[in-house]
Amino acid sequence: MKEFKNNKNFIRKLKELKQKDIGISTRRVVINNSEIFIIYIQQLTDRDLISSSIIKPLLHFKEDRLSIEKIVSSVIYIDDISIDDNENDIIDYVLNGKSVIIIPREQSYIIANTSKVEKRSVEAPDIQTSLKAPRDAFTENFQTNLSLIRYRLKDESLKIDNHIVGRRTKTSVSVLYMKDIANEEYVKEVKKRIEKIDVDGIMESGYVQKFIVDNVFNIFPHVGIAERSDTACANILKGKICVLVEGSNLALVMPQTFGDFLDSGDDHYDNIYLAVFTKFLRYLSITLALILSASYVAVVGFHSDILPPQFILAVATSRVTVPVNALVEATLMEGVSELLREASIRLPKQIGPAIGIVGTIVIGQAAVAAGLVSPLMVIIVSLSTMASFAAPDYTVLNAVRILKFFMIFITGVFGLFGLVMGYTLIIINLVSSTSFGVPYFSPMAPFNLNDFKNYILGDINLIKLRPKYLKSKDKTKH
Amino acid sequence: MIRRYSKILIILVIPSLILTGCWDYQDIDKRSIIITVGVDHIKGDVEFATEVARLVPSAGEAKIAKQDIYKDLSYGKTFEFARVDYDSRRPFPTFLSATRVVVFGPNYAKEGVEPYMNRINKMYDYRKTLLTVVSREPASELIQTKVKKSISVGFLIEDMMTFLSEKGTALYPKVGEILSDISLGDVGYILPYIGKSQESIKYLGLAIMKESKLIGTVDVKNSEGILYLLAEDPVFTEIVTLENDKENKYSFRIKIGDRKIKSEYKEGKPIINVDLELKNQLQYQYYVGPINDEEKKILEKKISKVVKKYITDIIKRSQEEFECDIFSFAKYFRADNPKVYKKIDWSKEYPEIKINVNVKSKIINMNLSDPSAKQNY
């Protein structure tokens, strides 16, 4: 039963809001001697729409009696419209870019959706680039992102569960999944974790990611990101869950295994041999990035005898003028390489590449010429840095960047045994962690031949089943 | 988390601490990389003649460091004293893993190389695939040679022996194989024999080692019989003629198709049967002419005869002159007749045992010469 409201309350509320200095605008319209107030915030609304679809039809209205219901049903042209009577909600509606129409003598008010947010158009992806893939990347606009997904997945079972997160920002967070494919348990878990988030503001999907991961201290990422709408849709179809956050151009994808980070979307429809080859190449490059410098330390410092005799001399002569030992040399060069990388990321686009090239060539050449590092070390660092760009999702390689130094130190202390020990510890970490309940190293550990085969081949025509580790409801793809 | 991984950490850390650690750390450029070791006996002292890599930094335009070698000698009553003498002149600790060749001087080879072979076996940084050779000149003289064909004597010997053994004209016995022969006791072994020639190093033939002592050499020209029996995948060239046309020589490339060595024990005597199947390819004739099937068979028989003679001659020499089983027939006999082998003294029996050599040869390729041309066309 609706609570009876005094007519004057809305006007009083309106005056209160005006005093708060939050930039509320009020348009007073008088029709047949009765006042109508339209309240909105200029920066959040489409003022043309207000003028043409609310004010104009109101001013043209000639009948005597003007009621809330009459306005909604016969006067204004706005499509998304509703009626409310709670005066305390007015502020929320207005802050969300809606226009509130108040008739002083009425007991309820109209909410018209006239919101307009400044947004950029759909552009090509910046971080998940691919040769043969659609180029419609997500933008910061929530509705645009949802529309990109809806456009690709015209299926009634696509569920979009909305949540409001952030005490002050009141950011919309949507959980997207296929109702008849995704495992209920995972969906429940994701929703539960999102509902538990209690923070003042969410600015980016990364905020949500931080709050929902299993273990904040895990070095490897356990939530994937999708910059392209096709990647997000492919993951939803696979049985995964996608989380869209208002104001973020990166969707979150979960559960995400280690293998998924090295799986590029176009692997599934590219030449099958090339897909297998590139997948192998990516694993090789991640291994190289991780152990190349450490192997150099092991070979130069401890176990030179594992090299062929001819190569021993080549390595030794290349290091003659180097004043520091291999451990310091490797740490120094990797540090410089990381410094260059970090500097070139932060620099403006116009000068970034120039600094990258200058830094690499000048520092590399000068260091060798000055006899500070060996030419071999420069090759190794360049190769390991290059190798660390080969994964389609850069987040997994951030972990490798840190672990590379761990491997160098442990090898510097324990030699080849240290290298093996460090590598084993990393593998232990990978195989023993989970992402939302899914073993992180699936399908390699626990091993499933069919999933493994599908993962390696990746061809959309050959993969008839969805991955078993995702425990999806609908197990077949075709 | 640490508790969860504690067992794994213990399993990984403890062996690492025991097996290696920063106390073993020594950069490769801070070690004396030995390329060649020469061992000899001079006036009652052990002599080590070594070639060591001198790591020279780059100069001028060339940005890559240049490789260089320095040579020196050290002496001592024993290996250990010689090593002390050696180490006392060294800027860095010795590194033996890059050693390409160990040269035994004639004096040391005659006295017996077994001690040094055992030293190679047990010193962890020596490679067991190392090449060992015997030199005609004293080891120090050979190593001091200023070779022009390579940057060091060691590199030259190793490259030369690798090339010759791949071609099938020399043996490349590795230390590991020789140690296995030494441990058997009853057999001798063969090492490459090299010498100085015109400011360079030359492969002279094979050195016959009995009880690890040098007892004789086989010249490179007479070593074919040994290579037919011992080389891994030899390729030979033989020239034969037909009776009716002595002028026209036929040059054949010969490969071993099958080599079977079987043994038996009959009437109190070991018998060794060597069966060789040769595959011959005609390379060219001195004067081109048709060869019919009959002539082809004659050529096959001639090749068999020539090869059989090589083998029987060297076997005879090994029984009469060297009195030593350099072909390791003992290994075959021991495998076939283990009980008998234990009872007999193989080294004493060897000069008397019967060795049957049977060589079959087949021409498999006439290099586009059609033997039936005359009949068909």
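**View 1. Strands 6 and 7 of chain A pair in the antiparallel sense in this predicted model.** Strand 7 covers residues 171-178 and is joined to strand 6 by eight bridges. Within this pairing, A:His163 stands opposite A:Val173 of strand 7.

**View 2. Five strands of chain A form an open sheet.** The order of the strands is 6-7-9-10-8, and their pairing is antiparallel. Strand 6 (158-165) and strand 8 (224-226) of chain A each have a single partner strand, so these two edge strands are left with one side that has no neighbour in the sheet. On average, and ignoring direction, neighbouring strands of this sheet are turned by 25° against each other. Helix 6 of chain A, residues 184-196, packs on the sheet. This helix touches strand 6, strand 7, strand 9 (241-245) and strand 10 (251-254) of chain A. The direction of helix 6 makes about 175° with that of strand 7 of chain A.

**View 3. Strands 1 and 2 of chain A form a hairpin.** Strand 1 (residues 24-31) and strand 2 (residues 34-41) of chain A run antiparallel and are joined by eight bridges. A:Arg27 has A:Ile38 in strand 2 as its bridge partner. Two residues lie between the strands, and A:Asn32 takes a positive phi near 50° in this hairpin.

**View 4. Strands 7 and 8 of chain B form a hairpin.** Nine bridges connect strand 7 (residues 189-197) with strand 8 of chain B, and the two run antiparallel. B:Ser197 stands opposite B:Ser200 of strand 8. There are two residues between the strands, and B:Gln198 has a positive phi near 45°.

**View 5. Strand 8 of chain B also forms a hairpin with strand 9 of chain B.** Strand 9 covers residues 213-219 and pairs with strand 8 in the antiparallel sense over six bridges. B:Gly205 has B:Asp219 in strand 9 as its bridge partner. Two residues separate the strands in this hairpin, where B:Glu211 takes a positive phi near 50°. Strand 8 (residues 200-210) of chain B is largely enclosed by the rest of the structure, because eight of its eleven residues are buried.

**View 6. Chain A is in contact with chain B.** The contacts involve 29 residues of chain A and 27 residues of chain B. On the side of chain A that touches chain B, at least two residues each come from helix 10 (272-302), helix 11 (309-318), helix 13 (352-369) and helix 15 (394-432) of chain A. Helix 15 gives the largest share, nine residues. The residues of this side of chain A comprise 17 nonpolar, ten polar and two charged.

Methods:
Residues are numbered from 1 along each chain as its sequence is written. Chains are lettered from A and ligands numbered from 1 in the order in which they are written. This is a predicted model: local features need pLDDT of at least 70, side-chain atom pairs count only at pLDDT 80 or more; totals for chains, interfaces and linings use all residues. Two strands pair if DSSP finds at least two bridges between them. Helices (H or I, at least four residues) and strands (E, at least two) are DSSP runs, numbered from the N terminus. Axes are lines fitted to C-alpha atoms, for helices over the stretch in contact, and angles run from 0 to 180 degrees between N-to-C directions. Two residues are in contact if their C-beta atoms, placed from the backbone, lie within 7 Å. Ala, Val, Leu, Ile, Met, Phe, Trp, Tyr, Cys and Pro count as nonpolar, Asp, Glu, Lys and Arg as charged, and the others, Gly among them, as polar. A residue is buried if 20 or more other C-beta atoms lie within 10 Å of its own, exposed if 12 or fewer, and partly exposed in between; C-beta atoms are placed from the backbone.
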